[in-house]
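Here is a short briefing on one protein model. Keep the sequence and the 3D view open while reading.

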Amino acid sequence: MENSAIIVRVATPDDIHYSVTITDEMESSAKARGTGIAKRSPEYIEQKMKEGKSVIAVTEEGAWVGFCYIETWSHGEYVANSGLIVSPEYRKSGVAKRIKENIFALSRKLYPNAKIFGLTTGLAVMKINSDLGYEPVTYSELTQDEAFWAGCKSCVNYDILMSKERKNCFCTAMLYDPKDHYQPEETAEDFKQHSKGYERLLRLKKSRFLKAFRKITGSDSKSGGGGGQVKKRFFSFFHF
C-alpha cells in the first residue's frame, strides 16, 4: 500500500482496541528474530495511548500498521522511544521511519531537555536513528535507573546482558543529547560511510557474545568475549 494511504499520528484513548494486536506482534516479531525486547502488556500500551505518549500508524480504513511509545527514566533526564513495531505486510514501506520521526518529534516536544536513547538489534533502525541525529554510545552513557534494566528481564538475552555486567549485549545503544550532538546530516553521512562495517560488527558481536556466554554457563573458562578492542571512534561502542 502507498505511504499516502497510511496515517501516522499521536495515539489517543480511541486507539486502545489495537493494544492486543500490538503486543502480540511485538512478541512474535522478537521470537522470529531470535532476540528479545522487554515484554509489555496490552494494559501498558493502553496507558501510553491515554497519556498521549505514543505514536500509531493506521490505514485510512482503520487497519493497524505500526506503533511506538515513549518511556521516561531518571526523573525525566532520559527518554526512550521504545517498542517500535510494524505489521509484517507494511514492512520495508518506509512507515517505520515515519513513526520514528513522529515519536522523536513528540519526545522533543514533551521533554525538550531530555537525552533520547534507544536499544536496537537491527541495522535498519540504526540507520533511521542516525538520520535523526542519534550517535552510537556505550551502555554506560544510558540511564542507570534500575527500573529500566528490570524491563530487560523478559528479554531472551537477559542472562547474556547480566553476564556482561550490563555493559553490553546484542542490542546497540544510540543516544541523542540535545545539549551535545552532531547535526543529523553529519550522523547520517557517518552511518552511510560505515554501514558495511556495522553489519559485519553486528554479526561478529552476536557470535562472540554467544561463544562467551556458552563458556560462562558451560565451564570454568575465562569470561569476557575475547577479541581486540575496535579502535575507530565510530565503532567504539562495540566492546567484545
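Ile 6 makes contact with Ala 57, Val 58, Thr 59, Val 65, Tyr 90, Val 95 and Arg 98, leaving aside neighbours within four places in sequence. The model is a predicted one.

- Seven strands form an open sheet with mixed pairing, in the order β1-β2-β3-β4-β5-β7-β6.
- Strands β1 (6-10) and β6 (135-137) stand at the edges with a single partner strand each, so one side of each has no neighbour in the sheet.
- From one strand to the next, the twist averages 25°.
- Strand β6 runs antiparallel to β7 (residues 172-176), and three bridges join them.
- Pro 136 has Met 174 in β7 as its bridge partner.

**Helices on the sheet**
- Helix α3 (residues 95-110) packs on the sheet and touches β1, β2 (54-59), β3 (64-73), β4 (78-86), β5 (115-120) and β7.
- The direction of α3 makes about 155° with that of β4.
- Helix α4 (residues 123-132) also packs on the sheet, touching β4, β5 and β7.
- The direction of α4 makes about 15° with that of β7.

**A buried charge**
- Glu 46 sits in helix α2 (residues 42-51).
- Glu 46 is buried but has no salt bridge.
- Which side chain of opposite charge is nearest to Glu 46? It is Lys 50, 5.0 Å away. A salt bridge would need a side-chain nitrogen of Lys or Arg within 4 Å of a carboxyl oxygen.
- Glu 46 touches Ile 16 and Ser 19, not counting residues up to four places away in sequence.

**Whole protein**
- The protein has seven helices and seven strands.
- Along the sequence, the pattern reads β-α-α-β-β-β-α-β-α-β-α-α-β-α.
- Of its 240 residues, 46% count as buried.
- Among contacts with a separation of 6 or more, 71% join residues 24 or more positions apart.

Definitions and conventions
Residues are numbered from 1 along each chain as its sequence is written. This is a predicted model: local features need pLDDT of at least 70, side-chain atom pairs count only at pLDDT 80 or more; totals for chains, interfaces and linings use all residues. Side-chain values use heavy atoms; hydrogens and water are left out. Helices (H or I, at least four residues) and strands (E, at least two) are DSSP runs, numbered from the N terminus. Buried means under 20% relative accessible area, exposed over 50%, partly exposed in between (1.4 Å probe, protein chains only). Lys and Arg count as positive and Asp and Glu as negative; His and the chain ends are not counted. Contact means heavy atoms within 4.5 Å. Two strands pair if DSSP finds at least two bridges between them. Axes are lines fitted to C-alpha atoms, for helices over the stretch in contact, and angles run from 0 to 180 degrees between N-to-C directions.
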